[in-house]
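Please read the following report alongside the sequence and the model.

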Amino acid sequence: SILLGQYAPIDTADGSGTNLNRLLEQGGTTWCQRAVEHCGGSELVSKLGRAMVPAHTCLGSIAPYFVAKYGFASSCKIIAWSGDNPNSLAGLGLQEPGDLAVSLGTSDTMFTMMNSATPGKDGHVLRNPIDPTSFMGMLCFKNGSLAREEMAKNLCQGDWKTFGEMLKQTPPGNDGHVGLFYVSPEITPTTGGQSGVQRYGPDGGRVEVPFNNPAHEVRAVVEGKFLAMRHYGERIGMDVSTCKKIIATGGASNNAAILQVMSDVFGCNVYTIEQSDSASLGAAFRALHGDRCDQAQVFVPFTEVVPSDAFGYTLMCTPTEGTSEVYGALMPRFAQHQADFAQSLRTN
């Protein structure tokens with residue numbers, strides 16, 4: 001709005017983060033009047049604007065003030081801006097439905113591009129900032145490296161090489177051992193401000209002490225997180241059978257053994273990328289994309305403007321044959337354990 005010199009419309013990707021638009025209709029460009037009226041009435045309508053625009057939209061030229069004071073070219077275009085998470089999707093190189101990005105930090109975050117969406121309470125669903133016909137899913141997990149580091153500290157003296165070696169000692173599916181490690185209150189699923197750890201044996205029964213084999217502990221903490229990502233991704237519209245590639249970032253992305261589990265759970269290749277400022281890079285790519293669309297006066301596919309080889313991916317691992325099916329069979333049981341434990345924590 002400042003650079004344009006007038007109030008700018010909100011783009012559909014960032015605007016859908018308000019949960020006030022009709023996400024599945026008319027490209028997500030219209031507000032849900034019932035929700036807007038409930039949250040702020042006519043005053044809110046006047047602040048939001050009448051409609052949103054696709055993220056590649058050229059809003060006009062830069063305001064004369066910036067031309068006179070700072071020497072901008074009067075022809076400088078202003079492309080619809082977006083939020084940091086939609087821009088990160090563009091900056092990490094997700095380019096078509098079936099692409100995912102997973103940030104393995106203190107908390108874990110997953111972005112996914114989806115052809116269709118089933119929005120609910122389990123995660124965030126936004127319009128896709130680089131493709132007006134599809135969707136962006138986002139899941140945030142509080143217990144990422146928090147839980148993995150706790151396990152490495154207790155069993156491996158904090159040595160990640162040993163952690164990786166122990167991870168390889170047990171097979172995909174962990175011989176039926178399942179663990180939920182919420183060392184801090186979790187948000188996906190929400191645990192109502194409570195933390196806790198719960199283990200389940202191969203027979204599905206609760207186990208109140210650490211597993212006899214420490215390697216089962218290590219695999220449980222890693223598998224549990226990626227199974228949760230797959231579970232909640234599928235609930236908001238991700239089709240795991242169409243997953244093409246995962247871009248891994250964050251501290252744990254340099255551990256090949258952890259990435260191998262991710263590859264096996266989702267059944268697709270995992271790549272890493274040297275990019276620490278994905279939101280700002282994505283904003284720059286989106287500006288280029290919007291300019292190209294404006295020149296053509298039609299939507300130009302993002303991949304024609306920013307090809308995949310612009311990102312410098314490094315292939316880290318490929319899925320082990322048959323493992324995706326192993327995890328697919330485990331998913332219903334895992335989902336039930338997760339729901340039961342989260343409910344027990346919320347009611348404490």
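## Basis of the description

The model is predicted, so that local features need pLDDT of at least 70 and side-chain atom pairs count only at pLDDT 80 or more, whereas totals for chains, interfaces and linings use all residues. Residues are numbered from 1 along each chain as its sequence is written, and side-chain values use heavy atoms, with hydrogens and water left out.

Helices (H or I, at least four residues) and strands (E, at least two) are DSSP runs, numbered from the N terminus.

M113 stands opposite M136 in β6.

Contact, here and below, means heavy atoms within 4.5 Å.

The axes of α9 (residues 256–266) and helix α12 (residues 323–346) cross at roughly 75° and come within 6 Å. That makes α9 roughly perpendicular to α12, where angles under 35 degrees count as roughly parallel, over 145 as roughly antiparallel, 65 to 115 as roughly perpendicular and the rest as oblique. On the α9 side the contact involves V261, D264, V265 and F266, which meet T323, S324 and Y327 in α12. By class, this contact of α9 with α12 has four nonpolar, two polar and one charged residues, with Ala, Val, Leu, Ile, Met, Phe, Trp, Tyr, Cys and Pro counted as nonpolar, Asp, Glu, Lys and Arg as charged, and the others, Gly among them, as polar.

An open sheet of three strands has the order β7-β8-β9 and antiparallel pairing. Its edge strands are β7 (178–182) and β9 (206–207), each with a single partner strand, so one side of each is left without a neighbour in the sheet. Strand β8 (residues 196–200) is joined to β9 by two bridges, and Y200 stands opposite R206 in β9. Helix α8 (residues 214–235) lies across β7 and β8, running at about 70° to β7.

Helix α6 (residues 145–156) packs with α8 at an angle of about 170°, the axes being 10 Å apart, and α6 and α8 are therefore roughly antiparallel to each other. In this contact A147, R148, M151 and L155 in α6 meet P214, E217, V218, V221 and K225 in α8, a set that divides into six nonpolar, no polar and three charged residues. With helix α7 (residues 160–167), α6 packs at about 90°, with the axes 10 Å apart, which makes α6 roughly perpendicular to α7. The residues of α6 that meet α7 include R148, M151 and L155, and their partners in α7 are W160, T162, F163 and M166.

## Aromatic pairs

The structure holds nine aromatic pairs, where rings of Phe, Tyr and Trp (its six-membered ring) pair if their centres lie within 6.5 Å, and planes under 30 degrees apart count as stacked, over 60 as edge-to-face and the rest as tilted. The rings of Y65 and Y70 have their centres 6.4 Å apart and their planes at 75°, so the pair is edge-to-face. Ring pairs link Y65, F66, Y70 and F72 into a cluster.

Y65 is partly exposed at a relative accessible area of 47%, whereas Y70 counts as exposed at 52% relative accessibility; buried means under 20% relative accessible area, exposed over 50%, and partly exposed in between (1.4 Å probe, protein chains only).

## H56 and H289

H289 lies in helix α10 (residues 278–296) and counts as buried at 1% relative accessibility. Leaving aside neighbours within four places in sequence, H289 is in contact with H56, I130, F299, V300, P301, F302 and V305.

H56 sits in the loop between α3 (41–48) and β1 (58–61) and is also buried, with a relative accessible area of 16%. With neighbours within four places in sequence again left aside, H56 is in contact with I79, P132, H289, G290, C293 and F299.

Technical notes. Axes fitted to C-alpha atoms, helices over the stretch in contact; angles between N-to-C directions. Pairing = 2+ DSSP bridges.
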